[in-house]
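Below is a short briefing on one protein chain, written for reading beside the model. It goes from the whole chain to its sheets and then to a single helix.

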Amino acid sequence: MDHSATTPVAARVLQAMLPYLSDKFGNASSLHSFGQEAKMALEESREKVAKLLGASPEEIIFTSGGTESDNLALKGIARRNWEHGRHIITTCIEHPAILETCKTLEKEGFAVTYLPVTGEGVVDMAALEAAIRPDTILISVMHANNEVGTIQPIEEIGKLAAEKDIYLHTDAVQSVGKIPTDVNALGVDLLSLSAHKIYGPKGVGALYIRRGTKLESIVQGGGHERGLRSGTENVAGIVGLAEAAQLCGESMAAEGQRLSMLCDRLAALVLGRVKDAWINGTMKRRLPGSLNFGFSFVEGESLLLYLDSKGIAVSTGSACSSHKLEPSHVLLSLGLPPVKCHGSLRITMGRSNTEEEVDYVGECIVEAVERFRGISALGR
Ligand SMILES: Cc1ncc(COP(=O)(O)O)c(C=O)c1O
């Protein structure tokens, strides 16, 4: 129940990767046949990833994951285009891979506007329009939020960005493979994705870069990946990413429908039995499989540990920040008071989850909330 943190490597993905961890170990830069075999695997993988995005293979750059793709997109565009302007627009609810990169760019002299979102977690389009300045060079808005699952109106933002001739980047780490992410339909110039969120291996991802987009490399070296990402390619990981992308493309519609039904079932079960409980974000424009509950008078961490003891993995806030006890910046941005942020529980379902599991999880959540409310100092 924590698939937004990470997913297991699918059997088909592992099978595709194995030869590149043993016999087919060549360096894709070598000119001999071992190297050419690896190079071929790399280029076939580029085609598969491009296909999922409706892009051309040469528009895909392989990276070490979502964090690096986000860093490359933002720093790469900013450092190459600063002569045209030094203003960047993003949102308050981005992943730290974006927010921390923006802080670094602020130290380098760039100005960053952090847009507010509505109570459902949707970016405020009026605020976006108002934030655009003559020196704005980049807009970066995530496609779907990792904590509440809200999907942003990227198509609409894409039209605005194109009209104003501003580069548009989207962090699609949580949406790729789950909902359509055609780069032309979305109207984005750059898109980040990560393999381990889509049943691929950890430590590999990609950045889509529209042809003609000018950006600077952030890793210098031997000039791999068209000079944009030096370093001997992680061929096995990239083959895994490509297989995972293909697998998602094949099953996206049916799996999305199944996961949405499972979420509706769990939401109905829990909200029907627990008082003072709500959904953070929205039940409408959200990722299939993603639910964020709020409960008054109880702490999410206590619920998490109780559920863990029942064999159920969930999270509070995002996995990346779950070692912190500060309220989630996403929930605060949705307008929740800090005390209400502490009672949140993120459920993100995936391929192996079943109706029986959902019913078990629902029962355990009801039991846990009742138990902790009974003994909590926050209790009613
Ligand atoms: C929205 C979003 N962006 C970026 C990342 C970072 O991706 P990676 O773990 O591949 O570095 C994550 C991971 O949780 C994420 O959810």
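This is a predicted model: local features need pLDDT of at least 70, side-chain atom pairs count only at pLDDT 80 or more; totals for chains, interfaces and linings use all residues.

Residue numbers start from 1 along each chain as its sequence is written. The protein chain has twelve helices and ten strands; helices (H or I, at least four residues) and strands (E, at least two) are DSSP runs, numbered from the N terminus.

**Whole chain**

- The radius of gyration of the protein chain is 21 Å, close to the 21 Å that the globule rule gives for 380 residues, so the chain is as compact as a globular protein of that length. The radius is taken over C-alpha atoms, and the rule is 2.2 Å times the number of residues to the power 0.38.
- Along the principal axes, the C-alpha atoms of the protein chain fill a box of roughly 70 × 55 × 30 Å.
- Of the 380 residues, 48% count as buried. A residue is buried if 20 or more other C-beta atoms lie within 10 Å of its own, exposed if 12 or fewer, and partly exposed in between, with C-beta atoms placed from the backbone.
- Among contacts between residues at least 6 apart in sequence, 73% join residues at least 24 apart. Two residues are in contact if their C-beta atoms, placed from the backbone, lie within 7 Å.

**Seven-stranded sheet**

- Seven strands form an open sheet of mixed pairing, in the order β1-β7-β6-β5-β4-β2-β3. Two strands pair if DSSP finds at least two bridges between them.
- The edge strands are β1 (60-63) and β3, each of which pairs on one side only.
- From one strand to the next, the twist averages 20°. Axes are lines fitted to C-alpha atoms, for helices over the stretch in contact, and angles run from 0 to 180 degrees between N-to-C directions.
- β5 and β6 (residues 190-194) run parallel and are joined by three bridges; Thr-170 stands opposite Leu-191 in β6.
- Helix α2 (residues 33-53) packs on this sheet, touching β1, β6 and β7 (205-209), and its direction makes about 115° with that of β1.
- Helix α6 (residues 154-164) also packs on the sheet, where it touches β4 and β5; its direction makes about 160° with that of β5.

**Three-stranded sheet**

- Three strands form an open antiparallel sheet in the order β8-β9-β10.
- β8 (277-279) and β10 (344-348) stand at the edges with a single partner strand each, so one side of each is left without a neighbour in the sheet.
- Neighbouring strands of this sheet are turned by 25° against each other on average, direction ignored.
- Three bridges pair β8 with β9 (residues 290-295) in the antiparallel sense, and Ile-279 stands opposite Phe-293 in β9.
- Helix α8 (residues 235-273) packs on the sheet and touches β8, β9 and β10; its direction makes about 10° with that of β9.

**Helix α4**

- α4 (residues 96-107) has twelve residues and reaches 16 Å from its first C-alpha to its last, close to the 16 Å expected at 1.5 Å a residue. The expected span is 1.5 Å times one less than the number of residues.
- Its buried residues are Ala-97, Ile-98, Thr-101, Cys-102 and Leu-105. They cover an arc of only 125° around the axis, which puts them on the same side of α4; the arc is that of the directions from the helix axis to the C-beta atoms.
- These buried residues pack against α3 (66-81), β2 (87-91), β3 (111-115), β4 (136-140) and β5 (167-171).
- The face of α4 turned away from its buried side carries the exposed residues Lys-103, Glu-106 and Lys-107.
- Gly-109, with a positive phi near 105°, follows α4.
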